[in-house]
Structure formats: structure tokens, C-alpha cells
Amino acid sequence: MGDGIGRFRGTDGRTSRESRLAQWLRRRTGTADTQAEDSRREDLLLAAAAVGLPLAPAAHPVGFRCSCERIGCPTPATHPVSFAWQTQSTTDRSQIERWARNQPEANFITATGMIHDVLDVPLEAGRSALDRLLEKGVDVGPVAEYDATGEQARMLFFTATRGTPEDEDEWWPCELDCHPETMDEHPGLRWHCRGSYVLVPPARLPGDGDRHVAWLRGVEHPLPDPLTLLETLTDACARYADGREHTDHHEPAWPLGR
């Protein structure tokens, strides 16, 4: 990882300064479609920040690999570029504009547990749950989808945070709490709160084709109380895990049963 401004070497060994210059030159000579895409990316990031989602730059895909220096990066293109991402995360419009324009390839993460939490579920379970929630008239907030394969295909339900009480004894511990280092322990429902993050759309993922993270429901939807979604999401994840057990003959790794 870098120091917050993307200082890492490219795949050809050149420094990030040279890479940024090359990116700038490409943008100067880019097509109208590329410029429109860049403008839309910036607009979406600023819209997320405007409703209070704190943002910080993240790595981006280079083919099937990650733009960071780490060999065999376990979370390619989905992690922050700075170890100080929690303090670096901001809603400041000017800072986000600078990041977006100086790092045109970068994804962005949003730090959870300050303004919002994220309930993160397998894509199949998420689609089922979203349909049920909307049919019941539940006020679902912003929802994003990972267009990926296998376990990486996820749906993110953005909610209000559970809060950050001054008295730590009042903090509500939950076995579903997910942090970057515990992602593999939560293949079912993950609850991103303090100390965690998720990619914020628009973001690109490694692999063939146009794999990306995009909004299904945008940030114009108010953040709901997470408990209004939790029962439906846990039920959908349990059904998903049960279906995998019968299909794959594997014991489902479902954290609620711990």
C-alpha cells in the first residue's frame, strides 16, 4: 500500500509519478466518452460524500491483479491505498475532487461506523431479500451490487450506523461485525461498522470484462435503521446457505450459528 496519495510502482516498474503523468496525457487526448465517464465517476463520488459517506482512495485493478505492490494481494482492487484510511476518509468536496482528478484509475472506499453501516450479503441472497423488502413496503436505503463471480458477488445494503456511544460499555457487540481482516470468516452476512470499509460505487473489479461495483439504489434514498432490514437479510442468507449445502454437499459457513 502507499501513503494515501497512491505512491506505488506500476506493472512496468515505473513510479506512480510517471504513471500519473501517463494517465494525465491519456486523459488529455481521451475520447468524449472517456471524459464523460470520468465526469460521471466524480459526480457519483461527490454525491456520496454530500450525504455524509466519508471517502478515501483505494487500489484499482490491473488486469487480474491489484495496483498495489503486494505480491498475491488477497483483496485486489478493494482495499485503501493508505494504512491511515480511517483518519484520511473525508466528505470534503475539494479533497475528493483532487483525489478523483489526480488518481483517475483509483477506486474509492467509504469508512463505515461513523455515519453509516453496511449489511453485506451474497448477491443471490441480496436480490431475494431486496425483492421481499420492497414488496413489504420497507424503506430500503442505498443498495450497491458487486458484479463479480463466485464468493465475490455481493450486495451491499447501506444503513444508518448503530452509533458511537461515548461509553464503550454501551457498545452493542455482534458476531456479524466484520473488519477487513475477518472477511473470510463471514461468507454469509457481514455487518460493516466501526473499523471497516466497503468499496463505494463506481468501482472496478479485477477480471475479464467490465466487472464493477454499481448502485442499484442511489444515495438519494435515506439511510434506514439496520434492524428494519436484518431479519429479512438473515433469512435470505440462511436460505442461500441451505441451498449451497444441498448443491455443493458442503457444510454452510454461516456465522449466526456460532
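Colleague: How many bridges join E5 to E7, and which way do they run?
Modeller: Seven bridges link those two strands, and they run antiparallel; strands are DSSP runs of at least two residues (E), helices runs of at least four (H or I), numbered from the N terminus. Strands count as paired if DSSP finds at least two bridges between them. Aspartate 120, for instance, has leucine 156 in E7 as its bridge partner.

Colleague: Nice. What about E5 and E9?
Modeller: Three bridges join E5 to strand E9 (residues 190–192), again antiparallel. Leucine 119 stands opposite tryptophan 191 of E9.

Colleague: Is E5 mostly covered or open?
Modeller: Mostly covered: seven of the seven residues in E5 (residues 116–122) are buried, where buried is under 20% relative accessible area, exposed over 50% and partly exposed in between, with a 1.4 Å probe and protein chains only.

Colleague: Before we go on, what sort of model is this?
Modeller: A predicted one, in which local features need pLDDT of at least 70 and side-chain atom pairs count only at pLDDT 80 or more, while totals for chains, interfaces and linings use all residues. Numbering starts from 1 along each chain as its sequence is written, and side-chain values use heavy atoms, leaving out hydrogens and water.

Colleague: And where is confidence lowest and highest?
Modeller: Helix H1 (residues 16–28) is lowest, at a mean of 48, and E1 is highest, at 98; pLDDT is the predictor's confidence in each residue, from 0 to 100. The chain averages 80, with 71% of the residues scoring at least 70. Over residues 246–258 the pLDDT is below 50.

Colleague: Switching topic, which strands form the open sheet?
Modeller: Three of them, in the order E1-E4-E10, with antiparallel pairing. E1 and E10 are at the edges with a single partner strand each, so one side of each has no neighbour in the sheet. E1 and E4 share four bridges, and proline 57 has phenylalanine 108 in E4 as its bridge partner.

Colleague: Now the largest nonpolar core: how many residues, and which have the most contacts inside it?
Modeller: That core has 30 residues, and Leu55, Phe158 and Leu199 have the most contacts inside it. By nonpolar core I mean a set of buried Ala, Val, Leu, Ile, Met, Phe, Trp, Tyr and Cys residues joined through side-chain atoms within 4.5 Å. Another core lies apart from it, with 21 residues, including Val121 and Leu230.

Colleague: What is phenylalanine 158 in contact with?
Modeller: Beyond neighbours within four places in sequence, its contacts (heavy atoms within 4.5 Å) include Leu53, His116, Val198 and Trp215.
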